[in-house]
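Please walk through the side-chain interactions of this chain with the coordinates open beside the text.

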Amino acid sequence: MRTLVPAETLVYLETNDLAAALQPIVDAKPFMEVAKSKPDFSALKGVQLAVAVTGFETSEEKLTDEHSIGRVQPRFVAVAETHAWNYQAVAFAEKKLGSFVANIYDSEPTLEKTDKNGGKYFTWTARDGRKAYALVIDSIIYFGNDETSIDKCLAVKRGETDSILKTGKIPVASPEVLASGYVSTDGIAQIANLVGLKFASEAADESEIQSAIAGILPRLIRGTVTDVSWTMTRGERGIEDNYAIRMPAEIANVFSETIVFGHGNDEVLNQLPADSTKITVYHIEQPNVAWDSLLMTARKVTDPVAGKVIAEFSKMFFESYGIRTPSTFLGSVGYTIVTTRLGDDDDQVAVIATVDGKGGVEASFLETLIPDKKPFGSANLERWSDLENDMAAVFVGQWVIVGDSQSVTKCNEEKPDGGFLATPYGKAFNATKATVKTFGRDSTTAPLLVLTLAREGHSDTKAVSTYITETRFTKTGIDRRTISDFGLIGSIIAQLRGEGD
């Protein structure tokens with residue numbers, strides 16, 4: 001399949017058996033809890049698929065006179081080797097792809113069929129003007145939302161341009177890999193620009209802040225990431241997505257020497273409520289050294305002025321947890337640091353850490369966070385409060401809990417049935433050993449997948465999917481593994497449905 005897409009492809013995905021890659025998604029428990037029936041992928045068995053993103057198209061949709069939302073649509077082509085007779089491939093394109101387009105566009109599109117480029121050419125047009133295209137030549141189907149992307153693949157077929165295989169950048173996948181992918185250096189650059197625009201639009205209303213983020217963040221990403229490889233396998237606990245994020249050698253060496261695994265204490269998970277929405281545990285030998293290396297790298301790949309801006313913005317992240325000076329806090333705590341979100345609201349957050357220097361921890365708090373005059377609770381704990389910003393901090397034995405007051409209280413409440421660590425999810429999470437590990441819950445992906453893949457679900461049934469992510473720093477960059485119910489492919493399919501693109 002790598003011989004069929006152009007070398008300048010920005011993002012590349014492939015599978016040698018489309019049915020095998022999709023089956024774990026619909027076998028997942030959250031999917032079966034919502035779907036009325038499981039889709040049959042027998043028609044896709046043995047179908048080889050390559051997806052190439054050749055560019056990105058941005059647009060702006062005006063919501064009101066004062067507010068608008070930016071939309072990003074990748075220009076892509078999917079090349080499928082069906083290993084079928086031509087008439088079967090033509091029928092598949094017309095019926096199955098036509099049904100898929102109608103489902104994604106939420107309307108029955110008009111269809112135009114012509115003979116073109118030595119095959120059957122299909123053009124679907126939705127009511128709002130969006131288009132999708134397909135070309136069937138022999139047993140191969142080219143499908144996409146951009147005609148020029150299909151033309152680029154045909155140029156490869158004619159030998160006029162090189163294929164992505166000739167770049168030598170795509171790793172060879174082992175037999176157990178169900179799907180794999182690659183993001184090129186140029187792809188990283190374009191995605192970095194999009195990430196900058198997204199974070200800028202969400203960060204603040206001030207144009208100066210938005211401009212700073214949109215200008216600095218892409219430079220930071222481009223300077224620290226060269227390319228990304230991905231593989232998908234099926235494991236005992238769900239879908240395993242493995243990412244190899246490669247970095248320039250000097251940066252990878254700095255991170256691997258400063259962001260070092262520390263043997264911390266996961267008993268802190270007993271402090272967290274069983275229904276915690278998102279938990280990240282940092283086991284880092286010297287948290288303040290790791291933090292300084294991140295800021296130093298940011299200054300190196302941008303410039304001194306941008307480095308200072310990044311340092312100031314990073315403080316805003318810590319302020320949401322009630323911390324004013326990150327370096328002081330990180331220099332006063334031990335190996336284990338936990339951040340948690342306890343609900344769907346991003347403001348319901350807290351950080352828990354082992355205390356090495358109580359005075360330093362106290363000095364790192366926001367100036368408005370001051371000690372209470374009376375002890376807190378039946379255990380007579382020392383509590384600090386910030387009534388103005390609804391923040392709090394509590395010292396519990398060797399731990400400090402600081403964040404929004406509601407979250408701090410929930411973390412400190414008695415848990416007769418045990419906290420998060422006592423749940424099956426907590427036990428699996430506790431068994432994971434990594435420098436950084438994250439557990440999360442997701443209630444939106446399963447319904448979107450059912451709408452796309454099964455068409456009909458139980459509207460009154462809610463299904464929550466979960467994921468665990470492990471992150472390690474190496475001499476070549478970052479190794480990241482995610483174990484989840486739906487995996488990367490599932491999230492991509494859900495986003496297609498959710499955004500209607």
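A residue counts as buried when its relative accessible area is under 20%, as exposed when that area is over 50%, and as partly exposed in between. With those limits, R234 is partly exposed, because its relative accessible area is 49%, and D27 falls into the partly exposed class as well, with a relative accessible area of 23%.

The mean pLDDT of the chain is 88, and 93% of its residues reach 70 or more. Confidence is lowest in strand β3 (residues 68-81), where the mean is 80, and highest in strand β20 (residues 477-484), where it is 97. Where pLDDT is low, the predicted coordinates should not be read in detail.

The structure holds 19 salt bridges, and one of them joins D27 to R234, with the closest N and O atoms 3.0 Å apart.

Another salt bridge connects the side chains of E470 and R481, at 2.8 Å from N to O. Here, too, distant parts of the chain are linked, E470 lying in strand β19 (residues 465-473) and R481 in strand β20, 11 residues apart. The two partners fall into separate accessibility classes: E470 is buried because its relative accessibility is 4%, a value under the 20% limit, whereas R481, with a relative accessible area of 24%, is partly exposed.

The side chains of K315 and E312 meet in a salt bridge of 3.5 Å, N to O, and both residues lie in helix α9 (residues 304-319), three residues apart, which is about one turn of the helix. An α-helix has 3.6 residues a turn, so residues three or four places apart point the same way. Both partners are partly exposed, K315 with a relative accessible area of 30% and E312 with one of 48%.

Turning to the rings, the structure holds 14 aromatic pairs. The rings of F317 and F318 have their centres 5.5 Å apart and their planes at 90°, and the pair is therefore edge-to-face. In this pair F317 is partly exposed, at 46% relative accessibility, while F318 is buried, at 10%.

Y425 and F439 form a further aromatic pair, one that is tilted, with 5.6 Å from centre to centre and 35° between the planes. Because Y425 lies in helix α13 (residues 424-431) and F439 in strand β18 (residues 436-442), the pair ties together parts that are 14 residues apart in sequence. Y425 is partly exposed, at 36% relative accessibility, but F439 is buried, at 1%. Elsewhere, ring pairs link F76, F100, F122, W124 and F143 into a cluster.

In helix α4 (residues 147-157), the buried residues are S149, I150, C153, L154, A155 and V156, and just after α4 the residue G159 takes a positive phi of about 80°.

Helix α5 (residues 185-203) contains V195. Is V195 buried or partly exposed? At 24% relative accessibility, V195 counts as partly exposed, because that value lies between the limits of 20% and 50%. Once its neighbours within four places in sequence are left aside, V195 is in contact with L217 and I221. As for I213, the C-alpha atoms of V195 and I213 are 9.7 Å apart in space, while the two residues are 18 residues apart in sequence.

Definitions and conventions: Residues numbered from 1 in each chain as written. Heavy atoms only, no water. pLDDT = per-residue confidence, 0-100. Helix = DSSP H or I, 4+ residues; strand = E, 2+ residues; numbered from the N terminus. Buried < 20%, exposed > 50% of the residue type's maximum accessible area, 1.4 Å probe, protein only. Contact = heavy atoms within 4.5 Å. Salt bridge = Lys/Arg side-chain N within 4 Å of Asp/Glu carboxyl O. Phe/Tyr/Trp six-rings, centres within 6.5 Å; stacked < 30°, edge-to-face > 60°.
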